Amino acid sequence: MIFRPRNTKTQIAPTITLPDWAEEKARAMAREKGRDYHALRADWLAFAQAESAKGNPPKNAGAAFLAYCGKQDSLR
């Protein structure tokens, strides 16, 4: 007899890590725009993980994060 599960296991999205150079540049961009770096990072990571779960992970996480930070409006 062969037993097989009825539901297939869902694959957990891989963790997304940002390189140091991207974090340094993003901190500078956030400072110039008067934004909170940690809030920007948390928002982008939530978006990137949701996209990864859909099967569309960022090809270059550092560059994608910097592009996201660059598109945010300035608060100053």
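Trainee: Which residues in α1 meet α3, and which residues in α3 do they meet?

Mentor: On the α1 side they are Trp 21, Ala 22, Lys 25, Ala 26, Met 29 and Lys 33, and on the α3 side Gly 62, Ala 63, Phe 65, Leu 66, Cys 69, Gly 70 and Lys 71. Meeting here means contact, that is, heavy atoms within 4.5 Å. Please keep in mind that this is a predicted model, where local features need pLDDT of at least 70, side-chain atom pairs count only at pLDDT 80 or more, and totals for chains, interfaces and linings use all residues. Residues are numbered from 1 along each chain as its sequence is written, and side-chain values use heavy atoms, with hydrogens and water left out.

Trainee: How many helices and strands are there in the protein chain?

Mentor: There are 3 helices and 0 strands, and the pattern along the sequence is α-α-α. Both kinds of element are DSSP runs numbered from the N terminus: helices are H or I with at least four residues, strands E with at least two.

Trainee: Why is α1 called roughly parallel to α3?

Mentor: Their axes are 9 Å apart and the packing angle is about 5°. Angles run from 0 to 180 degrees between N-to-C directions, and the axes are lines fitted to C-alpha atoms, for helices over the stretch in contact. An angle under 35 degrees counts as roughly parallel, over 145 as roughly antiparallel, 65 to 115 as roughly perpendicular, and the rest as oblique. That makes α1 roughly parallel to α3.

Trainee: What classes of residue does the contact of α1 with α3 have?

Mentor: This contact has 8 nonpolar, 2 polar and 3 charged residues. Ala, Val, Leu, Ile, Met, Phe, Trp, Tyr, Cys and Pro count as nonpolar, Asp, Glu, Lys and Arg as charged, and the others, Gly among them, as polar.

Trainee: At what angle do helix α2 and helix α3 pack?

Mentor: Helix α2 (residues 37–53) and helix α3 (residues 61–71) pack at about 120°, with their axes 11 Å apart. The two are therefore oblique to each other. In α2 the contact residues are Tyr 37, Leu 40, Arg 41, Asp 43 and Trp 44, while α3 supplies Ala 61, Ala 64, Phe 65, Tyr 68 and Cys 69. These divide into 8 nonpolar, no polar and 2 charged.

Trainee: How do you know whether Glu 23 is buried or exposed?

Mentor: Its relative accessible area is 16%. Buried means under 20%, exposed over 50%, and partly exposed in between (1.4 Å probe, protein chains only). Glu 23 is therefore buried. Glu 23 sits in helix α1.

Trainee: What joins the side chains of Glu 23 and Tyr 37?

Mentor: A polar contact of 3.0 Å joins them. The term means a pair of N or O atoms within 3.5 Å; within protein, one must be able to donate a hydrogen and the other to accept it, and residues adjacent in sequence count only if both atoms are side-chain atoms.

Trainee: What makes Ile 16 buried?

Mentor: Ile 16 has a relative accessible area of 13%, which is under the 20% limit, so it is buried. Ile 16 belongs to the segment before α1. Beyond its neighbours within four places in sequence, Ile 16 has contacts including Trp 44, Leu 45 and Pro 58.
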